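Here is a short briefing to read alongside the sequence and the coordinates. Take a moment to turn the model around before you start.

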Amino acid sequence: MCVNCLSRRRLAQLAFGLTAGALAGGMPARAAIRAPHVLPLVMLDPGHGGHDPGAIAPDGVFEKTITLATGLALHKNLLATRRYRVRMTRMRDVFIPLEQRVADAVAAKADLFLSLHCDHLANPSLRGASIFTLSNTASDKLAASIAHDENSADAAGTPMAGVSPQVAGILASLESRATKLGSATFSRDLATSFRGVIPLLPDPQRSANFAVLRDPSTPSTLLEMGCLTNPLDETRLRNPLQRALLVRRITDAIDTYFVHFAGRRVAG
């Protein structure tokens with residue numbers, strides 16, 4: 001059978017709802033059709049980089065430095081489990097535009113996207129991690145403010161190549177429903193894994209229109225690991241042992257997500 005015929009057949013299946021079983025079960029369409037022997041792909045996105053330092057602590061520590069150090073440690077820890085393939089949007093101090101980070105996740109066909117950041121809040125007494133998912137309207141003023149800070153450039157959704165706008169719209173709608181559910185599930189898994197061990201902001205699960213989370217096909221979350229404007233959080237985030245604890249808790253959350261939500265048996 002020709003490649004074009006296969007593509008049309010796949011599009012028809014998606015467009016007319018034959019992926020409903022996967023959607024009802026909470027599995028993203030992409031995960032439902034992956035060969036069972038292929039490990040899920042986790043895309044890590046250390047925020048900022050290069051000429052963009054991100055938040056700057058009162059004593060001059062850059063957000064980009066902490067996000068990269070944490071991302072590299074998490075990359076190593078996830079690979080060591082032998083349960084995942086892992087890629088990063090950057091592995092050194094370089095600037096990557098927001099739209100390129102989204103495009104990288106799309107091109108890699110990532111099964112989960114995690115963007116790592118640190119807060120810079122007006123109130124220095126606020127401390128703790130917070131977890132964000134995508135929404136058109138921010139869940140609260142704090143979420144709106146953080147999204148505004150992180151969105152240094154607007155990133156439009158990546159168009160689907162080789163299909164009509166009508167079919168692309170249907171596919172995006174089908175995928176985005178499962179994607180939103182996956183994103184919300186992983187957000188909850190992170191909050192649960194952190195609770196009692198990693199400090200959390202009040203109401204740590206929030207949502208806003210983050211440009212870097214706009215891939216409709218990949219469950220995505222943005223993790224603010226702590227507040228660089230708070231001395232206790234800054235000390236925690238600069239400490240390699242504390243970052244190692246954070247990495248272990250993130251890994252636990254990823255394990256929980258793929259075992260329970262994505263319906264995959266994780267070898268261990």
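Not counting residues up to four places away in sequence, which residues does glycine 182 touch? They are Pro219, Tyr257 and Phe261. Please keep in mind that this is a predicted model. The points below begin with that glycine, then move on to the sheet, a helix pair and a loop.

**Glycine 182**
- Helix H7, residues 165-194, is where you will find glycine 182.
- Glycine 182 counts as buried because its relative accessible area is 0%, and the cut-off for buried is under 20%.
- From C-alpha to C-alpha, glycine 182 lies 8.6 Å from leucine 112, although 70 residues separate the two in sequence.

**The sheet**
- An open sheet is built from six strands, and reading across gives the order E2-E1-E3-E6-E4-E5 with mixed pairing.
- Strand E2 (85-88) and strand E5 (200-208) are the edge strands, each pairing on one side only.
- From one strand to the next, the twist averages 20 degrees.
- Three bridges join strand E4 (residues 129-134) to strand E6 (residues 220-227), and the pairing is antiparallel.
- To find your way in that pair, look for isoleucine 131, whose bridge partner in E6 is leucine 223.

**Helices on the sheet**
- Helix H8 (residues 231-238) packs on the sheet, where it touches strand E3 (112-119) and E6.
- The direction of H8 makes about 115 degrees with that of E6.
- H9 also packs on the sheet, touching E1, E3 and E6, and its direction makes about 150 degrees with that of E3.

**H4 against H9**
- Helix H4 (residues 63-81) and helix H9 (residues 240-261) have axes that come within 9 Å and cross at roughly 50 degrees.
- That angle is why H4 is described as oblique to H9.
- The crossing of H4 past H9 is right-handed.
- On the H4 side, the contact is made by Ala69, Thr70, Ala73, Leu74, Asn77, Leu78 and Thr81.
- H9 contributes Arg243, Leu246, Val247, Arg248, Ile250, Thr251 and Ile254 to the contact.
- Sorted by class, the residues of this contact are eight nonpolar, four polar and two charged.

**Glycine 50**
- The loop between strand E1 (41-46) and H4 holds glycine 50.
- Leaving aside residues up to four places away in sequence, glycine 50 touches Lys64, Asp93, Val94 and Phe95.
- Glycine 50 and valine 94 are 44 residues apart in sequence, yet their C-alpha atoms are 4.0 Å apart in space.

Note on methods:
Residues are numbered from 1 along each chain as its sequence is written. This is a predicted model: local features need pLDDT of at least 70, side-chain atom pairs count only at pLDDT 80 or more; totals for chains, interfaces and linings use all residues. Side-chain values use heavy atoms; hydrogens and water are left out. Axes are lines fitted to C-alpha atoms, for helices over the stretch in contact, and angles run from 0 to 180 degrees between N-to-C directions. Helices (H or I, at least four residues) and strands (E, at least two) are DSSP runs, numbered from the N terminus. Angles under 35 degrees count as roughly parallel, over 145 as roughly antiparallel, 65 to 115 as roughly perpendicular and the rest as oblique. A crossing is left-handed if the near helix is turned anticlockwise from the far one by less than a right angle, and right-handed if clockwise. Contact means heavy atoms within 4.5 Å. Ala, Val, Leu, Ile, Met, Phe, Trp, Tyr, Cys and Pro count as nonpolar, Asp, Glu, Lys and Arg as charged, and the others, Gly among them, as polar. Two strands pair if DSSP finds at least two bridges between them. Buried means under 20% relative accessible area, exposed over 50%, partly exposed in between (1.4 Å probe, protein chains only).
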